[in-house]
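Here is a briefing on one protein model. Please look at the structure before reading on.

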Amino acid sequence: MRILIAEDDAEMATFIAVRLRELGHLVTIAADGAAALRLGEANAHDVIVLDRLLPVHDGLAVLRALRSSRVMVPVLLLTALGRIEDRVDGLDAGADDYLVKPFAFAELTARIQALSRRAPISDAPHTTLAWGPLQMDLIRRRVTRDDISILLQPREFELLEQLLRAEGRIVTRTMLLERIWEYHFDPQTNIVESHMSRLRTKLNENRDGDMIETVRGAGYRMRPPGPVA
């Protein structure tokens, strides 16, 4: 996953980042509220771990600004403020979970994983999805690129749907295993990779440019429409 850590305690931020990177995640650190808001609005993360007491803008102000900007990335508030009133304030501001310091790293990772599993890729109902010249009709189960039909098998269709709903954000291998195959463990197979390979072959046949991007160590996302270098 791509995880944003917004924490002004440099030692704690480094500790969390190092441990998460050891687990294979891509981690960005923001040391104040302004940086957290800027990076959060880029909408390039799967989960945000947000300290409530940040300089420049406090965590609640950052959270409210993100939600006002329709950034719906799951947010875990990480803070020393543990009163019921503080938790309610955080959840009311748009947090998805709340963890009080001091904390066990195992609990932090478990909560991050839980947030990634239930993260809504899109909160708006659609009957059609589009990405550049690619069109998906969810009712007719039909996919076209440049108005030419592409015949997809059910799992390939579901893979593409997940990527399109993510709107350019990264979808991890774990998310795909859980949402499409309903695996809540790693089956230690290349089931995702093999289906993704077939999907890409069909989307790109006799066309220039791969519409799907593999983000090393993170997952997959739709490549921004336009010329591919």
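The model is predicted: local features need pLDDT of at least 70, side-chain atom pairs count only at pLDDT 80 or more, and totals for chains, interfaces and linings use all residues. Residues are numbered from 1 along each chain as its sequence is written, and side-chain values use heavy atoms, with hydrogens and water left out. Helices (H or I, at least four residues) and strands (E, at least two) are DSSP runs, numbered from the N terminus.

**The parallel sheet**

- Five strands make an open sheet with parallel pairing, in the order β2-β1-β3-β4-β5. Two strands count as paired if DSSP finds at least two bridges between them.
- β2 (26-30) and β5 are the edge strands, and each pairs on one side only.
- From one strand to the next, the twist averages 20°. Axes here are lines fitted to C-alpha atoms, for helices over the stretch in contact, and angles run from 0 to 180 degrees between N-to-C directions.
- Four bridges join β1 and strand β3 (residues 47-51) in the parallel sense. I3 stands opposite V47 of β3.
- Helix α1 packs on this sheet and touches β1, β2 and β4 (75-79). The direction of α1 makes about 170° with that of β2. Contact means heavy atoms within 4.5 Å.
- Helix α2 (residues 33-41) also packs on the sheet, touching β1, β2 and β3. The direction of α2 makes about 140° with that of β2.

**The antiparallel sheet**

- Strands of a sheet pair through backbone hydrogen bonds, either parallel or antiparallel.
- A four-stranded open sheet runs β6-β7-β8-β9, with antiparallel pairing.
- β6 (128-131) and β9 (148-150) stand at the edges with a single partner strand each, so one side of each has no neighbour in the sheet.
- Neighbouring strands here are turned by 25° against each other on average, direction ignored.
- Strand β7 (residues 134-137) pairs with strand β8 (residues 142-145) over four bridges, in the antiparallel sense. The bridge partner of D137 in β8 is R142.
- Helix α6 (residues 154-166) lies across β6, β7 and β8 and runs at about 115° to β7.

**Helix α7**

- Which residues of helix α7 (residues 173-180) are buried? They are M175, L176, L177, E178 and I180. Buried means under 20% relative accessible area, exposed means over 50%, and partly exposed lies in between (1.4 Å probe, protein chains only).
- E182 follows α7 and has a positive phi, near 60°.

**Salt bridges**

- A salt bridge is a side-chain nitrogen of Lys or Arg within 4 Å of a carboxyl oxygen of Asp or Glu. By this rule the count is 15 salt bridges.
- K101 and E7 form one of them, with the closest N and O atoms 3.0 Å apart. K101 lies in the loop between β5 (97-100) and α5 (105-118), and E7 in the loop between β1 (2-6) and α1 (10-22), so the pair ties together parts 94 residues apart in sequence.
- E7 is buried, at 3% relative accessibility.
- R200 and D210 meet in another, at 3.0 Å from N to O. R200 is in helix α8 (residues 191-204) and D210 in the loop between α8 and β10 (212-215), 10 residues apart.
- R200 is buried at 17% relative accessibility, and D210 is partly exposed at 23%.
- Salt bridges with shared partners join E7, D51 and K101 into one network.
- E22 and R19 also form a salt bridge, at 3.8 Å from N to O. They are three residues apart in helix α1, so about one helical turn separates them.
- E22 is exposed at 59% relative accessibility, while R19 is partly exposed at 33%.

- Most residues other than glycine have a negative phi, and most peptide bonds are trans.
- The peptide bond from K101 to P102 is cis, with omega near -5°. P102 sits in the loop between β5 and α5.
- D146 has a positive phi, near 55°. D146 is in the loop between β8 and β9 and is partly exposed, at 47% relative accessibility.
- D147 has a positive phi of about 65°, although not a glycine. D147 is in the loop between β8 and β9 and is exposed, with a relative accessible area of 71%.
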